[in-house]
Amino acid sequence: MTWWENDPVYQGVVQAFVDRDPEEHAGGPLDVRAVLASLSREAKDAFAYDDVPWGRFPRGPQIRDDVERLRCDDADVVYRALRGVNGELADSAWSVAALAVPFLVRVAADPDGHCRAYALELAAGIVQWTPGPGRCTREELLRVTDGGRRYEPSGYFGTWGIEAARDAIAADADLVMALLGDRDPQVRVAAAYAAVVASGRIDDIRGALHTRLRAEADPAVRAGLVLAIAQLAYEHADPAWEAWAKALWSDPAMPSAVRVSAALGWLCLTDTPVPDVLREVLDACATDETARLMEPLPWMRAADYGGDTGLRRCLRGLLRPESIEPQWDDPWSSPPTLT
């Protein structure tokens with residue numbers, strides 16, 4: 001008999017989600033969406049993490065201890081705490097990771113906080129579906145979710161955890177959108193990465209991304225904003241997107257990274273044959289220098305594999321999918337580790 005078979009929390013989850021229909025518990029004490037929705041703005045702002053019923057969820061106390069350390073003055077302590085949350089996410093514990101989202105957003109929003117970009121990427125990473133190395137195709141890249149039902153190793157209905165994280169980011173959309181103008185370019189990119197997974201405030205978020213893109217001077221951040229806008233356009237249909245993206249990648253006055261990002265987005269949001277003119281743009285703009293510039297973007301890091309740059313791998317998958325080796329479908333595989 002393994003230890004968890006005697007754990008009442010795990011036993012409760014099995015009874016609720018394995019032995020019965022999860023929908024019977026929608027809105028109840030085991031629904032992480034309802035738990036997060038009941039957490040007041042004042043409690044979140046005050047970091048009142050003890051107002052969260054961590055003990056109802058498998059691995060909840062461990063996440064609670066990590067959240068408690070997020071405001072430590074020691075950057076190494078904060079980093080290790082974030083790694084702890086990331087470890088639970090890597091083990092597909094979406095529900096307890098979602099409980100940390102309001103606090104992760106506030107770590108990022110604190111100008112004196114540590115590991116701010118990492119905290120935002122981690123909040124987004126609960127939701128961002130990255131198809132993994134070898135699957136960077138037009139049908140898979142820049143997708144927020146695969147649309148499938150997910151269960152955690154404990155048996156908890158993990159889809160609720162993902163939905164809870166999306167709702168939590170939407171509830172704090174004002175904080176996330178404000179970070180699009182942060183002084184740190186890494187935080188600005190992470191804010192774009194997080195904003196597009198929100199379940200609401202879509203028009204506001206789309207407008208904020210376009211406004212920031214018009215003001216942004218950093219070419220890598222501009223490239224990230226274009227990828228974020230493309231991802232949002234797929235998740236929430238934007239009829240103007242295709243023409244807008246084509247205008248970007250067709251414009252020789254645009255920085256190479258922006259043209260490449262617009263081309264990637266255009267390829268992922270259309271199913272028409274790749275025009276020769278777009279191939280020419282990519283041949284000219286997708287240089288080693290552009291690949292290095294875009295390498296820190298979370299979308300590119302998620303596609304990196306074996307030392308290959310994410311951009312190179314994405315281009316092969318988008319333009320020559322037959323050249324990408326298939327990847328074993330491991331249902332227990334972990335999402336990419338955030339750094």
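Is the crossing of α15 and α19 left-handed or right-handed? The crossing of α15 and α19 is left-handed, where left-handed means that the near helix is turned anticlockwise from the far one by less than a right angle, and right-handed that it is turned clockwise. This is a predicted model, in which local features need pLDDT of at least 70 and side-chain atom pairs count only at pLDDT 80 or more, while totals for chains, interfaces and linings use all residues. Residues are numbered from 1 along each chain as its sequence is written, and side-chain values use heavy atoms, with hydrogens and water left out.

**Figure 1. Overview of the protein chain.** The protein chain has 19 helices and zero strands. Helices (H or I, at least four residues) and strands (E, at least two) are DSSP runs, numbered from the N terminus. Of its 339 residues, 53% count as buried; buried means under 20% relative accessible area, exposed over 50%, and partly exposed in between (1.4 Å probe, protein chains only). Among contacts (heavy atoms within 4.5 Å) between residues at least 6 apart in sequence, 69% join residues at least 24 apart.

**Figure 2. Helix α15 against helix α19.** The axes of α15 and α19 (residues 310–319) come within 11 Å and cross at roughly 35°. Axes are lines fitted to C-alpha atoms, for helices over the stretch in contact, and angles run from 0 to 180 degrees between N-to-C directions. From α15, Val260, Leu264, Leu267 and Cys268 meet Leu311, Leu315, Leu318 and Leu319 of α19. This contact is made up of eight nonpolar, no polar and no charged residues. Ala, Val, Leu, Ile, Met, Phe, Trp, Tyr, Cys and Pro count as nonpolar, Asp, Glu, Lys and Arg as charged, and the others, Gly among them, as polar.

**Figure 3. Helix α13 against helix α15.** The axes of this pair come within 8 Å and cross at roughly 15°. Helices α13 and α15 are therefore roughly parallel to each other, the term for angles under 35 degrees; over 145 counts as roughly antiparallel, 65 to 115 as roughly perpendicular and the rest as oblique. The crossing of α13 and α15 is right-handed. On the α13 side, Pro219, Arg222, Ala223, Val226, Leu227, Ala230, Ala233 and Tyr234 take part, and they meet Ala257, Val258, Ser261, Ala262, Leu264, Gly265 and Leu269 in α15. By class, the contact of α13 with α15 has 12 nonpolar, two polar and one charged residues.

**Figure 4. The buried side of helix α14.** In α14 (residues 241–250), the buried residues are Trp241, Ala245, Leu248 and Trp249. They cover an arc of only 90° around the axis, which puts them on the same side of α14; the arc is that of the directions from the helix axis to the C-beta atoms. An α-helix has 3.6 residues a turn, so residues three or four places apart point the same way. The buried residues of α14 pack against α13 (219–235), α15 (256–269) and α16 (276–285).

Figure 5. Leu278, Val281, Leu282 and Cys285 are the buried residues of α16. Their arc around the axis is only 95°, which puts them on the same side of α16. They pack against α14, α15, α17 (288–294) and α19. The face turned away from this buried side carries the exposed residues Asp276, Glu280, Asp283 and Ala284. Pro275 is in the loop between α15 and α16 and is partly exposed, with a relative accessible area of 25%. Leaving aside neighbours within four places in sequence, Pro275 is in contact with Trp249 and Trp266.

Figure 6. Glu88 lies in helix α5 (residues 75–90) and is buried, with a relative accessible area of 7%. Apart from neighbours within four places in sequence, Glu88 is in contact with Arg59, Gln62, Ile63 and Ala93. Lys44 is placed in helix α3 (residues 41–45) and counts as buried at 7% relative accessibility. Not counting residues up to four places away in sequence, Lys44 touches Leu39, Pro102, Phe103, Arg106, Ala171 and Asp172. The C-alpha atoms of Lys44 and Phe103 are separated by 6.6 Å, although these residues are 59 residues apart along the chain.

Figure 7. Most residues other than glycine have a negative phi. Arg59, not a glycine, has a positive phi of about 70°. Arg59 lies in the loop between α3 and α4 (60–68) and counts as partly exposed at 35% relative accessibility. Leu142, also not a glycine, has a positive phi of about 60°. Leu142 is found in the loop between α8 (116–125) and α9 (158–171) and counts as buried at 5% relative accessibility.
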